[in-house]
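Okay, everyone, thanks for coming.

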Amino acid sequence: MKITKKNIILLLALMLTTLAHAQASIGEKAKKDLIQKTSFGGYVIGKATITDQDLDASTKSHTDFDIRLVRAYVDGKVLDFKYKLQLELNGKPGDYANEKGVRIVDAWAEWQKYKFFYVRFGQFKRAFTFENPMNPWDIGFGAYSQLITKLAGMNDRVGEHSSNGRDLGLQFQGDFLPIGNDRHNFVHYQVGVYNGQGINHKDENRSKDVIGGVYVHPVKELAVGVFGWTGDYTKNGITVDRNRMAFGLKYESAWTVRAEYATSEGHKITDYDSDGILKKGTSDKADAWYVTIGAPLSPKLKVYAKWDVYRDKKEWSSQKALYCLAANYYFYKNLKIQANYTYTNNRSTANDGHYNTFDLQLYWRF
């Protein structure tokens, strides 16, 4: 074809028309995805508790009714992007001091073009341990293990506000190397860069936390992995380290087996006085572990047992051990009742460190 001014104009017009049609097609697909692949939901967990712990000289038992969690969310997928916004609605409104009132817990988007390389940005679960990313519905007990609450950012030992195991950052993750007759992926990896200050907080220092993990699936239901965390946390002008490592395994099928160990190096904010001087007798080391076994007794009933240990100074004198039993009964897919029994042996307290706790929790999902 002879190159002329007229032909160039016709070619440009054709390209613009094609581009306009492509954009219109993408726009229509995005609109269709937004309508058809967006879902709204939430769940409520109510709780009744009784314990025989001596709270003070006159109290030898205690009962309590509580709303453990109320969550509402919207999530979906538009084109190659998955997203989620989740709010926590329980707690005392305006409780700014403890930061446990109504707040955003999840707000993220993830590009999912390639299964071996997803990119997530926003506020989401830290890439540390097997149990931390799990939904409260799925862990089998009325609370996460101490390893998760103290060393994965739920109510972190360093003094961070309650962050539900989450932070703000950028994460890369993926799965690859399919094996077996079912072609499940053998390797999963995840690594993220985070502010290090927990949810709904801007960065308070010039460094970032780096957290990651890699695990393998010898069979589809079994994962064996190792996780690492390096970073620091700043509060009231004091900065402390958070250098942690965890490893464990998770088997999820009709039966459940989970076991993890984590070790931590870094002081707490409260280890320093108001002048920023380290107090005597403090420790920068801690560790924790748990072993969980779940067995199905019927299609609707599953029972669990757990040994759960946290050592605040990585010494036996600082040990808090929990021996837990739980029964989960599903009335329907989105309605279950859970009975929990826990015997606590806490060597780190001068008060009553040996006591029993029983609670009944009702889970409702919509």
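So, Phe128, Phe130, Tyr215, Phe227 and Trp229 are tied into a cluster by ring pairs, where a pair means Phe, Tyr or Trp rings (the six-membered one for Trp) with centres within 6.5 Å. By that rule the count is 19 aromatic pairs.

Before I go on: this is a predicted model, so to speak of local features we need pLDDT of at least 70, and side-chain atom pairs count only at pLDDT 80 or more, while totals for chains, interfaces and linings use all residues. Numbering runs from 1 along each chain as its sequence is written, and side-chain values use heavy atoms, with hydrogens and water left out.

Back to Trp229: the charged end of Arg244 sits over its ring, 4.9 Å from the centre. Arg120 does that with Phe124, at 5.6 Å. "Over" here means NZ of Lys or CZ of Arg within 6 Å of the ring centre and within 35 degrees of the ring normal.

Now the surface. Ile50, Leu325, Tyr341, Phe358 and Leu360 make a nonpolar patch with about 430 Å² of accessible area together. Areas are Shrake-Rupley, 1.4 Å probe.

Leu360 sits in strand S16, residues 354–365; strands are DSSP E runs of at least two. Why is Leu360 called partly exposed? Because its relative accessibility is 38%, and the class lies between buried, under 20%, and exposed, over 50%.

Terms used: Patches are made of residues with over 30% relative accessible area and no salt bridge: like charges are joined within 9 Å, nonpolar side chains (Val, Leu, Ile, Met, Phe, Trp, Tyr) within 5 Å. A salt bridge is a side-chain nitrogen of Lys or Arg within 4 Å of a carboxyl oxygen of Asp or Glu. Helices (H or I, at least four residues) and strands (E, at least two) are DSSP runs, numbered from the N terminus. Buried means under 20% relative accessible area, exposed over 50%, partly exposed in between (1.4 Å probe, protein chains only). Rings of Phe, Tyr and Trp (its six-membered ring) pair if their centres lie within 6.5 Å; planes under 30 degrees apart count as stacked, over 60 as edge-to-face and the rest as tilted.
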